[in-house]
Amino acid sequence: MLPSQPLLHAAALALAVLQALASDTFIAAVYEHAVILPDATYKPVSPDDALALMNKNMDVLEGAIKEAAQQGAHIIVTPEDGIYGWRFTRETIYPYLEDIPDPSVNWIPCTDPTRFAPAPVQERLSCMAKNNSIYVVANIGDKKPCNSSDPRCPRDGRYQYNTNVVFDPEGKLVARYHKYNLFMSEIQFNYPKEPEAITFETPFGKFGIFTCFDVLFHEPAVVLVSELQVDTVLFPTAWMNVLPFLTAVEFHSAWAMGMGVNFLAANTHRTSMSMTGSGIYAPDRARKYYYNMKTEDGHLLIAELDSHPHLSPASPPAVNWSSYASSVKRFSPDDHDFEGLIFHDRFTFTELTKPEGNLTVCQKDLCCHLSYEMAGKREDEVYVLGAFDGLHVVEGQYYLQICTLLKCKSTDLNTCGQPVETAQTEFEMISLSGTFGTSYVFPEVLYSGVQLALGEFEVLNDGRFVSKTRPTKPIVTVTLFGRWYAKD
């Protein structure tokens with residue numbers, strides 16, 4: 001007997017669901033948003049005025065979400081501060097905050113908006129996800145009351161948190177993360193009492209989430225990857241680019257490679273604050289990225305990623321970051337070394353005086369080795385090999401070990417380490433390594449014009465970072481950026 005038509009439809013639907021659950025890839029989207037900012041004020045605005053400003057930003061985000069869904073995206077990440085901007089004191093941000101419940105309450109704000117306190121922003125985000133059948137990741141503010149029985153309770157009787165939320169394709173709140181490592185200017189927010197390691201399961205892998213400055217610290221960033229073994233990290237950010245190592249696209253792509261995960265980084269866009277640089281990064285290379293300091297436009301990125309990148313044949317091998325460098329004799333021990341500053345850190349440099357050669361520069365326990373060959377030594381450009389082994393103490397305290405080949409701003413060696421975006425010198429080959437004391441090393445390449453070297457460099461399992469082919473563009477910097485979390 002032949003099965004009935006309804007049974008055939010049910011079987012086809014079940015098969016489609018199973019195929020989706022078994023999907024080896026997914027489509028990711030990130031949106032770099034030119035945020036509409038509130039007027040600067042020392043007095044709180046009304047809740048209606050706050051919501052009106054947030055709705056203007058959500059109008060833009062909703063357009064990006066619809067477009068991403070139409071192009072097949074399964075998830076979209078939007079930026080930190082993307083709904084209300086910045087320019088706040090503790091008091092003036094309060095009208096923009098909502099009480100965000102724990103996701104365990106199993107809540108769909110779009111269909112049940114009155115279950116908790118008024119939450120029009122969560123309701124609208126939930127409806128964006130539900131109406132477009134897509135995971136939506138956004139950054140908003142959470143408020144939680146406290147009282148005198150809590151010794152850490154602020155005087156105004158509430159905690160205020162920089163918060164990421166995730167709504168699934170049904171509009172359900174599935175993740176809430178309170179930013180743990182606040183940047184120095186975030187006086188409007190409180191630190192959570194404990195770091196949170198937030199994960200959630202999807203049909204296309206295990207996801208984790210954190211915010212901006214968190215990426216430089218062990219908790220929660222390394223915990224999510226090394227201990228909880230997420231496949232993909234969601235990263236709303238408001239990243240102010242700092243050359244030569246902390247430009248968004250180079251560091252975020254390097255972090256994805258160094259940690260062996262997918263990394264979806266959505267940045268705010270504000271050129272007056274050097275805010276740009278979003279990307280969809282896999283461990284082997286950036287799949288899509290965007291960096292634009294010329295216009296004030298937002299931009300949508302969409303790319304396909306492996307659901308479980310650590311199982312992919314393209315996944316980079318395990319690396320012993322000090323193996324090669326510890327086994328070689330110091331190159332050029334008689335070369336003249338000198339000191340210079342990069343982002344307030346005092347590096348030891350040595351100049352590349354010849355068109356090809358082998359160099360070593362050391363600082364404390366870190367020795368950096370470079371083998372290189374230039375296409376031609378230019379008289380109007382100077383390159384140096386630099387090493388830094390120490391505690392960075394400017395906008396936060398964290399221990400770094402850095403080996404870098406970089407172009408100086410001019411032929412004056414006193415300019416080495418100052419921001420540079422363009423170069424003309426071309427290299428035939430490069431091999432960079434270091435005697436790192438940490439296994440957390442992030443390999444960066446930045447070409448002239450703030451462009452990434454997509455698939456043109458690779459990390460060998462003995463710790464050498466090498467050009468696979470002749471680099472196709474002039475180089476601004478090639479860097480191994482090491483974080484020694486245990487020494488913080």
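## Aromatic pairs

How many aromatic pairs does the count come to? By the ring rule used here, the count comes to 33 aromatic pairs. In that rule, rings of Phe, Tyr and Trp (its six-membered ring) pair if their centres lie within 6.5 Å; planes under 30 degrees apart count as stacked, over 60 as edge-to-face and the rest as tilted.

Before you look around, note that this is a predicted model, where local features need pLDDT of at least 70, side-chain atom pairs count only at pLDDT 80 or more, and totals for chains, interfaces and linings use all residues. Residues are numbered from 1 along each chain as its sequence is written, and side-chain values use heavy atoms, with hydrogens and water left out.

## Two tilted pairs to find

Start with phenylalanine 210 and phenylalanine 263: their ring centres are 6.4 Å apart and their planes meet at 40°, so the pair is tilted. Phenylalanine 210 lies in the loop between β7 (205-209) and α4 (218-227), while phenylalanine 263 is in strand β9 (residues 262-267), so the pair ties together parts that are 53 residues apart in sequence. Here helices (H or I, at least four residues) and strands (E, at least two) are DSSP runs, numbered from the N terminus. Phenylalanine 210 is buried, with a relative accessible area of 0%, and phenylalanine 263 is buried, also at 0%. Buried means under 20% relative accessible area, exposed over 50%, and partly exposed in between (1.4 Å probe, protein chains only).

Phenylalanine 245 and phenylalanine 347 form a tilted pair too, 5.8 Å centre to centre with 35° between the planes. Phenylalanine 245 sits in the loop between β8 (232-237) and α5 (248-259) and phenylalanine 347 in strand β14 (residues 345-351), so this pair ties together parts 102 residues apart in sequence.

## The nonpolar core

Now look inside: the largest nonpolar core has 73 residues, and those with the most contacts inside it are Phe210, Leu234, Trp255 and Phe263. Such a core is a set of buried Ala, Val, Leu, Ile, Met, Phe, Trp, Tyr and Cys residues joined through side-chain atoms within 4.5 Å. Its largest share, seven residues, comes from α5.

Leaving aside neighbours within four places in sequence, the contacts of tryptophan 255 include Phe210, Ala221, Phe263 and Phe442; contact means heavy atoms within 4.5 Å. Ala221 is among the buried residues of α4, and the buried residues of α4 pack against β5 (173-178), β6 (198-202), β7, β8 and α5.
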